[in-house]
Amino acid sequence: MKKILPAQAYRKLASLYADMQSSYSAHAQALGLSCDGCPQNCCTSFFQHHTRIEWAYLLHGLSELPSDRRAVYEERARAYVRDATAALSRGERPAIMCPLNDDGRCGVYAHRLMICRLHGVPNRLRYPNGRSVDFPGCFRSQELCAQADSFPVLDRTTLYTRLMELEVQFVGPRQIRELPRVDLTLAEMIVQGSPKL
């Protein structure tokens, strides 16, 4: 598999993200799930992300913003990292608003990461060894599922496989084996800057 240029990788990732959105929307509609009027905000969930291509694409989205807006997000990201580090050191799971959230809206909506796109609905990930892991979705999703005889589960395996194929193309097949695993919050990605390739 050959390494591809960032612009080409970003186009492919945007296409994959569109497929994620379509799949999510279909599952949310079938379940009757909507975020309207929700008392919670998924943007306070402590998500860690694992691909350099999504990291780079997120920063690409930030780079397209006016410098003053970008500076606000960068300062919020530094505060998030400080607060999350403190919470983790106390043995607590951080519940801090995402630094890109502006009054309930994502400041880089088109560039948001996979987990941000798929979290709400029940979903499943199947591993090559046959093991399967189910994720229940948000609390509203869990309430709707508890009242239903059956409910749709988004199988994100194909979407995740496509993302990993893009990751290998973006990073390079040899480098992917040599680089350390990515395990960062969105805020840490912003603070650290561009991923090393």
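I count two strands as paired if DSSP finds at least two bridges between them. The model I am reading is predicted.

**Strand S3 and its neighbours**

I looked up the hairpin first. S3 and S4 form it, with five residues between them. In the turn I found Gly 130 with a positive phi of about 95°. The pairing of S3 with S4 (residues 132-135) is antiparallel and runs over four bridges. I checked Leu 125 and found Val 133 as its bridge partner in S4.

I then turned to S5 (residues 154-155), which pairs with S3 in the parallel sense over two bridges. Here Arg 124 has Asp 155 as its bridge partner.

Which side chains of S3 are buried? I went along residues 123-126 and noted that Asn 123 and Leu 125 point to one face and are buried.

**Helix H3**

I checked the length of H3 (residues 67-89). At 1.5 Å a residue, its 23 residues should span 33 Å, and I find the end C-alpha atoms 33 Å apart, so the two agree.

I listed Tyr 73, Ala 77, Tyr 80, Ala 84 and Ala 87 as buried in H3. An α-helix has 3.6 residues a turn, so residues three or four places apart point the same way.

What covers the buried residues of H3? I noted helix H2 (52-63), strand S1 (101-102) and helix H8 (186-192) among the elements that do.

Last, I looked past the end of the helix: H3 is followed by Gly 91, which has a positive phi near 80°.

Terms used:
Residues numbered from 1 in each chain as written. Predicted model: local features only at pLDDT ≥ 70, side-chain atom pairs only at ≥ 80, totals over all residues. Heavy atoms only, no water. Buried < 20%, exposed > 50% of the residue type's maximum accessible area, 1.4 Å probe, protein only. Expected span 1.5 Å × (residues − 1). Contact = heavy atoms within 4.5 Å.
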